[in-house]
Amino acid sequence: QFVRGYGTVSVDRWTADELDAACIRLEPALGTPLLWADAAVPVATQAVPGAHVREVVLVTFRDACNGGKPRLAWAVVLQWAAAGDSAASPSVLTRPPRAIVIVDAISGDLIVSRAEGQP
């Protein structure tokens with residue numbers, strides 16, 4: 001077992017606890033990718049259409065719920081434009097819709113994706 005949140009890689013818009021709840025654990029990358037970040041972006045945008053890329057980070061991915069072998073991967077953080085008129089209720093702070101897509105840095109295959117508040 002590992003200590004929750006310890007040794008994790010931080011990414012834009014997602015906390016270690018939020019990723020852990022989605023069974024996604026990101027640790028520092030160990031190894032050299034065969035595919036570069038520009039190859040991961042089309043896989044990510046196909047998994048969550050209409051979103052734009054905020055950040056791409058090389059990581060070691062672990063399934064926090066089911067275990068398994070760690071994989072060198074690209075973590076692609078995406079976001080959509082916030083829907084609705086923010087002037088309608090200025091006192092309510094809403095989080096923009098977001099997603100994270102994990103793409104294998106060796107094969108280029110989609111490992112997992114998680115989207116919240118998708119329009």
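Predicted model: local features only at pLDDT ≥ 70, side-chain atom pairs only at ≥ 80, totals over all residues.
Residues are numbered from 1 along each chain as its sequence is written, and side-chain values use heavy atoms, with hydrogens and water left out.

**The disulfide**

A disulfide is a covalent bond between the sulfur atoms of two cysteines. Here a pair is counted when the sulfur atoms lie within 2.5 Å, and the structure holds one. The sulfur atoms of Cys 23 and Cys 65 are 1.8 Å apart. Cys 23 sits in the loop between α1 (16-21) and β1, and Cys 65 in the loop between β2 and β3, so the bond ties together parts that are 42 residues apart in sequence. These helices and strands are DSSP runs (H or I, at least four residues, for helices; E, at least two, for strands), numbered from the N terminus.

How open to the surroundings are these residues? Buried means under 20% relative accessible area, exposed over 50%, and partly exposed in between (1.4 Å probe, protein chains only).

| Residue | Relative accessible area | Class |
|---|---|---|
| Cys 23 | 22% | partly exposed |
| Cys 65 | 45% | partly exposed |
| Ala 81 | 61% | exposed |

Ala 81 belongs to the loop between β3 and β4. Its C-alpha atom is 8.8 Å from that of Pro 119, although the two are 38 residues apart along the chain.

**The cores**

In soluble globular proteins, nonpolar side chains tend to be buried together. A nonpolar core is a set of buried Ala, Val, Leu, Ile, Met, Phe, Trp, Tyr and Cys residues joined through side-chain atoms within 4.5 Å. The largest one has 15 residues, and Ile 24, Val 59 and Ile 102 are among those with the most contacts inside it. Two or more residues come from each of β1 (24-28), β2 (52-63), β3 (67-79) and β4 (98-104). Apart from this core lies another, of 13 residues, including Trp 74 and Trp 80.

**A hairpin**

Strands pair if DSSP finds at least two bridges between them. β4 and β5 (residues 110-116) pair in the antiparallel sense over six bridges, with Arg 98 opposite Glu 116 in β5. Their hairpin has five residues between the strands, and Gly 108 takes a positive phi near 85° there.
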